[in-house]
Amino acid sequence: MSKREPDKNIMRMHAQEKIIKTLLQTFSAVSIFVTIGIVVTLLWETLGFLREVSVFEFLFTTKWTPTLAPKHFGVLPIVVGTMMIALLSSIVSIPVGLGSAIYLSEFAPAKVRKVIKPILEILAGIPSIVYGFFALNFITPFLRGFFPEIEVFNALSAAIAVGIMTMPMVASLSEDAMKAVPKALREGAYALGATKLEVALNVVLPAAISNVISSFVLAISRAIGETMIVAIAAGANSTLTFNPLHSIQTMTGYMVNISMGDIQHGSVEYKTVFAVGLLLFLMTLLMNILARHIVSRYREEY
Amino acid sequence: MKGIYVEMENNMPVSKKTSSNLKSRKLLSKVFEGFFFLAIAFGILMLVLLLTNVVKTGLGWLSLDFITSLPSRFPKKAGIYSALVGSIWVMGLTFLFAFPLGVGTAIYLEEYSDKKKWFNNVLQVNIANLAGVPSIVYGILGLAVFVRLLAFERSILSGALTLALLILPVIIVSSQEALKAVPNELRHGSYALGVSKWLTITGVVLPYAMPGILTGTILAMSRAMGEAAPLIIVGAAGYIAFLPRSIMDSFTVLPIQIFNWTSRPQDEFQNIAAAGILVLLVLLLTANATAIFLRNKYEK
């Protein structure tokens, strides 16, 4: 009898292993269901929305007043608002982030790096609500010194805050890419008499360029999806404007504004959140796929 | 050799010219080093300005009363107690959902899955994509699924489930990194002793990977703690004058309370918003410092 016991144990062990594997597999399926859930809910309510509003009105007209009679559902003004924030913020995040990355990777002494890297991590870890407060209470009053006509809520100060927030991401992703360039390439260039600047710009940067550019795209994608900064500092003006000193509304800002009020479940206003959300989801998804494509397509292998 | 030597001697002006060219190139390099340093300095300056602005505006309003009072229409009496307690409830519940799911998924992907199978590739790409989805979109998902479909209403439960899904990809990816760093020799040694796969994972692999997993989890949790957008969509309130008693109660959290105060025109509300930010930042910095401490202590 005692001979059979180990068998039983092993059988039980195998059964247990199988159960555990199935359980863990189920866990990992949750992330698939999240994606399916996002796509299905966005599509479902958007289809309901498009039964009441034509696709043409939604995508190609320029009046967005879903809560005011007469209601208009042309999404372009808030898309332009989002684009304005994304582009203006990249004027801050890309040069500053790239400059920081080049300095950290090619110029900074080890001691300086050790101090500065954690500072960038802190900057990246500050919640967007705090940047929103900073934009409203510091950046806007500061800008008023240069542009007296600037409105209390305006696109420019929100965009600058978004740029400061996304800058550490550009810096750390680009720096990682530049650090990964083999030392031999640098030494070869130094041996030919190149200066530090020439090595950085003509050797290291071209070698890391795919990851550097993908970090730019990711920063713009983050800026498109950024919500609290624009909800606080950019305003809620959904008329079409290209003036960054004016109050604007972004897609995310609209969703926050409408959710702060009482909206009836099933009403057109309720469905606009999903339609705008779908548009936002598709825009950021495209940018993220583009970023990954750039990395895999143009990677230099060493 | 001799010829070259002579040639160089004869062309002294040329060699002088290259040396002056080197000088200007080196100067240019120094100038640009200055520019690149300015970029870093700009980042540091912004952090300093941001912190001094918040401290200057809020420190005078930060007191024990502020932390232990409920919100009020009068800024002098308003406090952050209900938001603080709400944040603790939401974060605790978020952790309960996200940690087992995230670590479980990472264990499956790293220890069990056959990486050649298409399904596991889809899983991995899907997780990378989810990490790039804007947080507000998770709020829309939470609104449709948790608030409406499952009828959890605008409760702590709905908010915590939404945030759990939001930070799930972060926890998965950082746990995967931690598991990848466990040397294979440890697994093989355990198998050689006849230990089963699961017992090897719980007894050998996980203890070794735990500091890395915890660091990633703390960073993910501190991100969730600062999030306001998805919870606004899910329907967290801006004004809650009571403490939650169950996970089905309506709630507010620190960032939403701060947002509520920031959007009021009166100056005093900007002051208490800044005081609220100070409370939030102290909590987040403590969490991040713990994470960095863990990383440095166990990283070898």
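Trainee: How many residues of chain B are in contact with chain A?

Mentor: Two residues are in contact if their C-beta atoms, placed from the backbone, lie within 7 Å. In this predicted model, 68 residues of chain B are in contact with 64 residues of chain A. Helix α2 (residues 12-58) of chain B supplies the largest share of that side, 20 residues. Helices are DSSP runs of H or I with at least four residues, strands runs of E with at least two, numbered from the N terminus. The predictor gives the complex an ipTM of 0.91 and a pTM of 0.90.

Trainee: What is the mean pLDDT of chain B?

Mentor: pLDDT is the predictor's confidence in each residue, from 0 to 100. The mean for chain B is 87, and 93% of its residues reach 70 or more. Over residues 1-16 of chain B the pLDDT is below 50. Where pLDDT is low, the predicted coordinates should not be read in detail.

Trainee: Is B:L163 buried or exposed?

Mentor: A residue is buried if 20 or more other C-beta atoms lie within 10 Å of its own, exposed if 12 or fewer, and partly exposed in between; C-beta atoms are placed from the backbone. B:L163 counts as buried because it has 31 C-beta neighbours inside 10 Å. B:L163 sits in helix α7 (residues 156-180) of chain B.

Trainee: Which conventions apply here?

Mentor: Residues are numbered from 1 along each chain as its sequence is written, and chains are lettered from A and ligands numbered from 1 in the order in which they are written. In this predicted model, local features need pLDDT of at least 70, side-chain atom pairs count only at pLDDT 80 or more, and totals for chains, interfaces and linings use all residues.
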